[in-house]
Amino acid sequence: MTALAMNTRKPVFSDIRTREALSYLFDFEWVNKSLFEGVYKRTSSYFEGSDLASTGVPASEKEKALLAPYPDAVRSDILAGTWRPPISDGTGRDRNNAKKAFDLLKSAGWSLDKGILKNQNGEAFTFETLVVTRVQERLALNFSESLQKLGIQMNVRYVDDVQYWRRVATFDYDMIQFTWGSSPSPGNEQANRWGSKSKTREGSLNYPGVDSPAVDAAIDALLAARERPDFVDAVHALDRILLSGFYVVPLFNAPDQWIIRSTDVKRPETTPLFGFAPETLWRVEK
């Protein structure tokens, strides 16, 4: 998954309603059309593009049993498989999504004061996003403009590689863009990404600061599984818990690959799971 990770160690992102509100303010439809020629697809799962993705799939009885000790860990629509990231009208000025975001922010204690969103202590909603490439910067600046419409100030700081990774390793940021790759068989690396013990361990990939007993239980279950159905159920449960926590603003992925080849160069009818593999091509002698 490629996403904007919100550092929940920081007070500004400690409330789940605040984090969910930001997902309504990222206008994927406008970004995809205006910045990327419409080539991307919105990401809706931490295990996108595989049978391990829980989106669109209702929870099985084994999943429900695994989640039963943690009744508040998964939202009902995510448990039912009906949740999707917010969809905008593509204009860059979707008032409906803005209203939903503002309602969530109000319920979290935020209010507008002369065009500035402030909490109950009168502190402005201000945070910084670290970027390390011009592509990240362009995306972040667009997101910043969307947030400003609700009185949120997101400062975009472009830093060099050395400073970026030093700050990321010590969790010295409010928001970053990151990609967590996945495999057909996720395992121990999930604890380093989402496990409670990794929240304070410098150098871990738990950039959002996930600290959840339900997540730990799901990771334990997927590591203990010996049959594929049990493994899939455990990963689905992990996916649902992470989605319910709104730790990140999901971004997008490229659903297709484009290649140019001569007509006498052939390829297999079935594409490998991880995409185009040049070593599978062969040339037909004329």
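This text walks through a predicted model of one protein chain, from its overall form to single residues.

The chain has ten helices and eleven strands. Its C-alpha trace spans about 75 × 45 × 40 Å along the principal axes. A compact globule of 286 residues would have a radius of gyration near 19 Å, and the chain, with 20 Å, agrees with that. Of the 286 residues, 49% count as buried. Among the contacts with a separation of 6 or more, 72% are between residues 24 or more positions apart.

The largest nonpolar core has 42 residues, and Tyr46, Ile176 and Tyr207 have the most contacts inside it. Strand 1 (2–6), helix 7 (161–169), strand 7 (175–179), helix 9 (213–224) and helix 10 (228–245) each supply at least two residues of this core. Helix 10 gives the most, with nine residues. Ile176 shows how separate parts of the chain meet: leaving out residues up to four places away in sequence, Ile176 touches Ala3, Leu4, Ala5, Leu130, Tyr164, Val168 and Tyr207. A second, separate core has 33 residues, including Met6, Val12, Leu104 and Leu251.

One of the residues touched by Ile176 is Leu130, whose bridge partner in strand 6 is Arg157. Strand 5 (residues 126–131) has five of its six residues buried, so it is largely enclosed by the rest of the structure. Strand 5 and strand 6 (residues 153–158) run parallel and are joined by six bridges. Thr126, in strand 5, is partly exposed, with a relative accessible area of 38%. Beyond its neighbours within four places in sequence, Thr126 is in contact with Val12, Gln153 and Asn155.

Helix 6 (residues 134–148) has 15 residues. From its first C-alpha to its last it reaches 21 Å, close to the 21 Å expected at 1.5 Å a residue. Its buried residues are Gln136, Glu137, Leu139, Ala140, Asn142, Phe143, Ser144, Ser146 and Leu147. What contacts does the side chain of Glu20 make? Glu20 counts as buried because its relative accessible area is 11%. Its side chain makes a polar contact with the side chain of Arg75, at 2.9 Å. Not counting residues up to four places away in sequence, Glu20 touches Arg75, Leu104 and Phe246. Of these, Leu104 is included in the second core.

Phe246 is also of interest for its backbone. Most residues other than glycine have a negative phi. Phe246 has a phi near 45°, a positive value in a residue other than glycine. Phe246 lies in the loop between helix 10 and strand 8, and is buried, with a relative accessible area of 5%. Glu37 has a positive phi too, near 60°. Glu37 sits in the loop between helix 2 (28–35) and strand 2 (41–42). Is Glu37 buried or exposed? With a relative accessible area of 68%, Glu37 is exposed.

Notes: Residues are numbered from 1 along each chain as its sequence is written. This is a predicted model: local features need pLDDT of at least 70, side-chain atom pairs count only at pLDDT 80 or more; totals for chains, interfaces and linings use all residues. Side-chain values use heavy atoms; hydrogens and water are left out. Helices (H or I, at least four residues) and strands (E, at least two) are DSSP runs, numbered from the N terminus. The expected span of a helix is 1.5 Å times one less than its number of residues. Buried means under 20% relative accessible area, exposed over 50%, partly exposed in between (1.4 Å probe, protein chains only). A nonpolar core is a set of buried Ala, Val, Leu, Ile, Met, Phe, Trp, Tyr and Cys residues joined through side-chain atoms within 4.5 Å. Contact means heavy atoms within 4.5 Å. A polar contact is a pair of N or O atoms within 3.5 Å; within protein, one must be able to donate a hydrogen and the other to accept it, and residues adjacent in sequence count only if both atoms are side-chain atoms. The radius of gyration is taken over C-alpha atoms; the globule rule is 2.2 Å times the number of residues to the power 0.38. Two strands pair if DSSP finds at least two bridges between them.
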